[in-house]
Amino acid sequence: MSATSTEGRLAVDVDAVAGGVRRLAPPPRSLALAGAAVVAAVLVAAASWGLPLRSVSALDATSDAKTAGTIVAVVFGFLATLLLIPAIQGTALSLRSRSLETAGEIVESRHIAARACEKARRALGYSLAVLVVLGLMLFLLANDAAIIETFLSWEQISRSAVDILRASWLNVWIAVVAECLILVFALTLALVRLSPSKAMAPLRWLAIAYVDVFRAIPLIILLYLVAFGIPLAGIPILSDLPTTWLIVIGLTITTSAYVAEVFRSAIESVHWSQTAAAKSLGFSTLQTSRYVVVPQAVRRVVPPLLSYFIGLQKDTALVLVVGAIDAFGQAKIYAGNYFNLSSVTFVAVIFIAITIPQTRLVDYLLAREERKTGMRKL
Amino acid sequence: MSLSVAPHEVVCLIGASGSGKSTLLRCINGLETIEEGEIRLEGDVVSGPGVDYTALRRQIGLVFQSYNLFPHMNVMRNVTIAPMKIAGLGRGPAEERARALLRRVGLEEKANAYPDQLSGGQQQRVAIARAMAMEPKLLLLDEITSALDPELVNEVLRMVRDLAEQGMTMVLATHEMGFARSVANTVCFLDNGQILEMGPPEQIFESPSEKRTREFLRTVLEAGQL
């Protein structure tokens, strides 16, 4: 074996292998794969042209809707046809690899065959994706476009949109007010739970019991109990609160139990050596918490807090249980009147639109925290 | 064990890992509680129940092996926060004191940097400045160079030597035998939680009387640290 280096390129020759290079690594067999890719692409493309167009033409709908449907079907069919490109490229490469092999150019043949396999696999993968989308389209168009009519009726959505958007203000208000109360209450619970002094032991037990109990009760049951039960019980101030405030209280009671655990684990995740250093300087326990531990914990707590806040926003839809009219409630009214769920679909879309940017923000913060703590030497 | 430290004296604790050097230091400033015996500072008993450990620790500084700077504060804030929040110094006087200390350790221009922007040796020097900012009567140093790259060890040791020359009372746990020999007034060899041997550096390093001490020094010599 010898290794030479000429002008920055390293060449290693292994002469001592019997039988030479060919037996070690013959070019991959690619023709069968390429052929399969072509067949799949043709079938999928054909189906993608034929089936949607047939469904659209069979619709008993307005000519506007039919034109829109036809355009979508044509575009889809065109996109599906693009599958043939990698499939055919794959076959061409495969044939070229064959001829190179017979000509003795083993290395070149191997490279080309690898590319052929890559193209063929890509065609097959995309074909599968197209099949899934095709299935979805046919499902939507089935039964005279029943799904579209029931869930995605533009007429219904435009009729209800304004009322729904106005009603979603309630969701926002509840989420924001509840979140403020939750942050304060949960932090208190966490600090009580973590206090080391023996005098706080009974309070500590109460905090633990609180967290256990209220993480166990389903939110919808608790909301029911709070929003209906408190007015019935006739408690002096609480019973006179409007329903929306009772909802806020119910959400706060439950979510605080979860968020308290988040705070607790964030505080505990601040390394004991930080507390040791602060204590050694002469800080009291409270000062250590305030200047050293909690500031560090807060940085770690933001991503999971944001996740719980997002969950809270979705839970606001439960006010329906107690008769308050939020976006979902408004949508249900329309749904009930017109026997059509498109307005409810619209509410779902609103939630999606609000939530996804926040989840992306959480991902970004988590990635950034990981990068930072990865670099830290302590 | 029984140990007395006079004012301005430098005591070095040497011994294998697990022999109790760190524990002894942490007992002195109350981070660890002792079960038997007593610790006295300037005649007052400062161990056992009822002691105001917070007040005690304001008079004793402890510097850790892993520096333990506060990562969410910059260097200036790390050094000034204790004088400001505990000793009640105003921001102006506290920053003046901090700047003087940082100048002494050669890090004045890093006052606005954050700990994770500094090297290990720089962080350790800031940690020493932070402990000194409270003007303690006694400085405890717990293997402060053990986590450092060899090139960075010297800058820290130089600082400690300066402090010793300025009359700071110190108890250091260290593996740096050469340093211990040159800077200590008394060297204690710890083994298994006991002070096996104690005396001036010449006695301990050149003619130790205990067998375990001799064995330890021999392993250290072989490891090239003496």
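## Two chains, one predicted model

Of the 378 residues of chain A, 29% count as buried, where buried means 20 or more other C-beta atoms within 10 Å of a residue's own, exposed means 12 or fewer and partly exposed falls in between, with C-beta atoms placed from the backbone. This is a predicted model, so local features need pLDDT of at least 70 and side-chain atom pairs count only at pLDDT 80 or more, while totals for chains, interfaces and linings use all residues. Residues are numbered from 1 along each chain as its sequence is written, and chains are lettered from A and ligands numbered from 1 in the order in which they are written.

**Chain make-up**

- Chain A has 13 helices and two strands; helices (H or I, at least four residues) and strands (E, at least two) are DSSP runs, numbered from the N terminus.
- Chain B comes to nine helices and eight strands.
- In chain B, 41% of the 226 residues count as buried.
- In chain A, residues 24 or more positions apart make up 74% of the contacts with a separation of 6 or more; a contact means that two C-beta atoms, placed from the backbone, lie within 7 Å.
- For chain B, 65% of the contacts between residues at least 6 apart in sequence join residues at least 24 apart.

**Where the chains meet**

- Chain B puts 19 residues into the contact and chain A puts in 20.
- On the side of chain B that touches chain A, the elements giving two or more residues are α2 (53–57) and α3 (75–85) of chain B.
- α3(B) gives the most to that side, with three residues.
- The chain B side splits into nine nonpolar, six polar and four charged residues; here Ala, Val, Leu, Ile, Met, Phe, Trp, Tyr, Cys and Pro count as nonpolar, Asp, Glu, Lys and Arg as charged, and the others, Gly among them, as polar.

**A helix pair in chain A**

- Helix α8 (residues 219–233) and helix α9 (residues 243–269) of chain A have axes that come within 9 Å and cross at roughly 140°; axes are lines fitted to C-alpha atoms, for helices over the stretch in contact, and angles run from 0 to 180 degrees between N-to-C directions.
- α8(A) and α9(A) are therefore oblique to each other, given that angles under 35 degrees count as roughly parallel, over 145 as roughly antiparallel, 65 to 115 as roughly perpendicular and the rest as oblique.
- The crossing of α8(A) past α9(A) is right-handed, meaning the near helix is turned clockwise from the far one by less than a right angle, with anticlockwise being left-handed.
- From α8(A), the contact uses L219(A), L222(A), L223(A), V226(A), A227(A) and I230(A).
- From α9(A), the contact uses T243(A), L246(A), I247(A), I249(A), G250(A), I253(A) and T254(A).
- By class, this helix contact has ten nonpolar, three polar and no charged residues.

**The sheet in chain B**

- Six strands of chain B make an open, mixed sheet in the order β4-β5-β6-β1-β7-β8; two strands pair if DSSP finds at least two bridges between them.
- β4 (60–63) and β8 (194–199) of chain B stand at the edges with a single partner strand each, so one side of each has no neighbour in the sheet.
- Ignoring direction, neighbouring strands of this sheet are turned by 20° against each other on average.
- Helix α5 (residues 120–132) of chain B lies across β4 and β5 (138–142) of chain B, running at about 170° to β4(B).
- At the other end of the strand order, β7 (residues 186–191) of chain B joins β8(B) antiparallel through five bridges, and L190(B) stands opposite I195(B) in β8(B).

**Single residues worth a click in chain B**

- Most residues other than glycine have a negative phi.
- H8(B) has a positive phi of about 65° although it is not a glycine.
- H8(B) sits in the segment before β1 (10–15) of chain B and counts as exposed, with 12 C-beta neighbours inside 10 Å.
- E135(B), also not a glycine, has a positive phi near 50°.
- E135(B) is in the loop between α5 and β5 of chain B and is partly exposed, with 13 other C-beta atoms within 10 Å.
- E96(B) is in helix α4 (residues 91–104) of chain B and is partly exposed, with 13 other C-beta atoms within 10 Å.
- The C-alpha atoms of E96(B) and T80(B) are separated by 9.2 Å, with the two residues 16 apart along the chain.
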